[in-house]
Amino acid sequence: MRKTISLFLIAQGVILLSFLISKEAFINIEVAFFSSFFIILGSSLAYRNMVNKDIESGKYEEKRDLLDEIDDKYELYDDEPINEAPAEDLDLKAIVKEEKSKIKTFSLSSMKYGTKGGFSLFRLVPYIFLILGFIALKNNEILNLAFYLPALAFGIVIASLVSKEVIAT
């Protein structure tokens, strides 16, 4: 955590040097930096929370060995027999119905799993900050893309380094 704080303070020190260029440059760089920093950090935290919830709920079972998955993707060559009954005694309609029920179809519940990470407050609030910050700079006629766009990239790099540290804890 100490490394994270020092990295953030060093980044803020570098940004503070932009005040020597102009006040407008400093404001552009600071708004862009915080926007991208919070977006990356918020996305990382939302992803971490989503994965932790899925692990706690038992959604993920112990998976097979990677080599076994590559060699036998559909578990066709398992050692356990699928059914011990002779072919004449099998109810094919019941087997087909059971296999069809295992196939995942598109539904509201399946859509929830794809979008639950996208609608996290950890992700939405930083995007709102990005949009409002951009609009505020534009409305006050101090937006300068020559400072704003590189500062977005700088924020992404610093946030990526910070999020690795934060997520590891």
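Hi everyone, let me start with a rule: the expected span of a helix is 1.5 Å times one less than its number of residues. Before I use it, a word on the model. It is a predicted one, where local features need pLDDT of at least 70 and side-chain atom pairs count only at pLDDT 80 or more, while totals for chains, interfaces and linings use all residues. Residues are numbered from 1 along each chain as its sequence is written, and side-chain values use heavy atoms, with hydrogens and water left out.

First, the overall picture. The protein chain has seven helices and zero strands; helices here are DSSP runs of H or I with at least four residues, strands are runs of E with at least two, and both are numbered from the N terminus. Of the 169 residues in the chain, 22% are buried, where buried means under 20% relative accessible area, exposed over 50%, and partly exposed in between, with a 1.4 Å probe and protein chains only. If you take contacts (heavy atoms within 4.5 Å) between residues at least 6 apart in sequence, 74% of them join residues at least 24 apart.

Now to helix 6, residues 121-139. With 19 residues at 1.5 Å each, this helix should span 27 Å, and its end C-alpha atoms are 26 Å apart, which agrees.

Which residues of helix 6 are buried? They are Pro126, Gly133 and Leu137. These three cover an arc of only 25 degrees around the axis, which puts them on the same side of helix 6; the arc is taken from the directions from the helix axis to the C-beta atoms. As a reminder, an α-helix has 3.6 residues a turn, so residues three or four places apart point the same way. The buried residues of helix 6 pack against helix 2 (23-56) and helix 7 (145-168).

On the other side of helix 6, Leu121, Leu132, Lys138 and Asn139 are exposed. Valine 125, also in helix 6, has 48% relative accessibility and therefore counts as partly exposed.

Just after helix 6, glutamate 141 takes a positive phi of about 55 degrees.

Finally, have a look at alanine 168 in helix 7. Is this residue buried or exposed? Alanine 168 counts as exposed because its relative accessibility is 69%.
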